[in-house]
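Please keep the sequence and the model in view while reading.

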Amino acid sequence: MSEPVVPQRFLDLAAAVRAPKELSAGGLRARFGDPAEVRLAVGQVWRARWEETSLLVLVLAITDREVNAVPVTIDPPGEDAASLVVDGTRTAFGVESTVWAGLAGPVPLRVLDRVVDLWEPDLVAWAAETADGGAPSVPAGARQGTVPASVFDPSEEVRAELEDDLDALRAAPGLPEAKGTEKVVSLGALLNGLPDLPVLGAALGVPQPEVMRILRGSVPLKPGQVEAVASATGLSVDAVAKTVRPLPAALVAAAEHPRWRETWIRRAKRLGVSEEEARLSGGYGTLALAARETGGAEPDWEGRLRQFLRGEDLAGSDA
């Protein structure tokens, strides 16, 4: 049986008031369609997740690489003066939800995992205006939060945990993005033939053909390999890190869109690597595919990404 898309404690709470079918995997697909085709929109509530951190966020605005969002909590209860407590009749959760407008800020697209609800414009407008320092009228079916009674109030602990969770989500590693026209020196050129291939291969734990591709810059150094190369060669970590060719900004924006989140997670499981590594190698695989097929023209990165992953799926099915 697959794991619920929304944490089980939310479903248990919702079951006390209304049937949680809207929050099941099937219910979410019926409401929002295939996760691979989802379109981000203001007013959506998403589950944001990275490693052990999971948080619900309400989307207030969208850019290429991140959303401006506010955290939403259901359990445990908590509130402060800059929050809005929304009645369960206005959401899919069926129980009171707290919108922490005082904690509004950027959340990377790469950590958005699944859209779970869509809220009406008056709730979104209240959160956005309050986050900007305004004092809007409280929407129907909601009430403004109250100031915690003391620093020992449970709401203070909830807020502190939310701040920690937001910091963890924002620290989730992203793809290296090209900035301007700065040229990158390949690792091979930086080493100028030293050390020999067997030494470098042993340090990286990869066969010689893979070492050659790394030296040419056709595949990136994986997380942890930068330090291994620095240790084996005597170069600084910073110098080695600068040999990693960054990806075009448009490719990064495409690869980090939440529509690909499930794909990267499946790829990581298939390859036995972390999600970060699966996305990183997939980004460079897409870059290499585009270089072979388009020459100097600017590729359709979304299309190239789909083509690369489709080819991988076909290869995996034949294995």
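Accessible areas here come from the Shrake-Rupley method with a 1.4 Å probe, and for residues only the protein chains shown count as cover. On that basis, the accessible surface of the protein, which is a predicted model, comes to about 15,800 Å², with 53% of that surface belonging to carbon and sulfur atoms.

**Overall make-up**

- The protein has 13 helices and eight strands, and of its 319 residues 44% count as buried.
- When contacts between residues at least 6 apart in sequence are considered, 67% of them join residues that are at least 24 apart.

- In soluble globular proteins, nonpolar side chains tend to be buried together.
- The largest nonpolar core of this protein holds 45 residues, of which W46, L58, V67, F93, V99, L112 and W119 touch the most other members; strand β2 (residues 53-62) provides the largest share of this core, with six residues.
- With neighbours within four places in sequence left aside, W119 is in contact with G43, V45, L58, V72, V86, T91, F93, S97, V99 and V124.

**A buried position: S83**

- S83 is found in strand β4, which covers residues 83-86, and a polar atom of the S83 side chain lies 2.6 Å from the backbone oxygen of D80.
- Is S83 buried or exposed? With a relative accessible area of 0%, S83 falls under the 20% limit and therefore counts as buried.
- Apart from neighbours within four places in sequence, S83 is in contact with T98, V99, W100, A101, W126, R143, Q144 and G145.

- P121 has its place in helix α3 (residues 121-131), and because its relative accessible area of 66% is over the 50% limit, P121 counts as exposed.
- Although P121 and V42 are 79 residues apart along the chain, their C-alpha atoms are separated by 8.7 Å.
- K21 lies in the loop between α1 (8-15) and α2 (25-32), and K21 is likewise exposed, with a relative accessible area of 66%.
- The C-alpha atoms of K21 and A92 are separated by 9.3 Å, while the two residues are 71 residues apart along the chain.

Technical notes:
Residues numbered from 1 in each chain as written. Predicted model: local features only at pLDDT ≥ 70, side-chain atom pairs only at ≥ 80, totals over all residues. Heavy atoms only, no water. Helix = DSSP H or I, 4+ residues; strand = E, 2+ residues; numbered from the N terminus. Buried < 20%, exposed > 50% of the residue type's maximum accessible area, 1.4 Å probe, protein only. Polar contact = N/O pair within 3.5 Å; in protein donor to acceptor, adjacent residues only side chain to side chain. Contact = heavy atoms within 4.5 Å. Core = buried A, V, L, I, M, F, W, Y, C linked by side-chain atoms within 4.5 Å.
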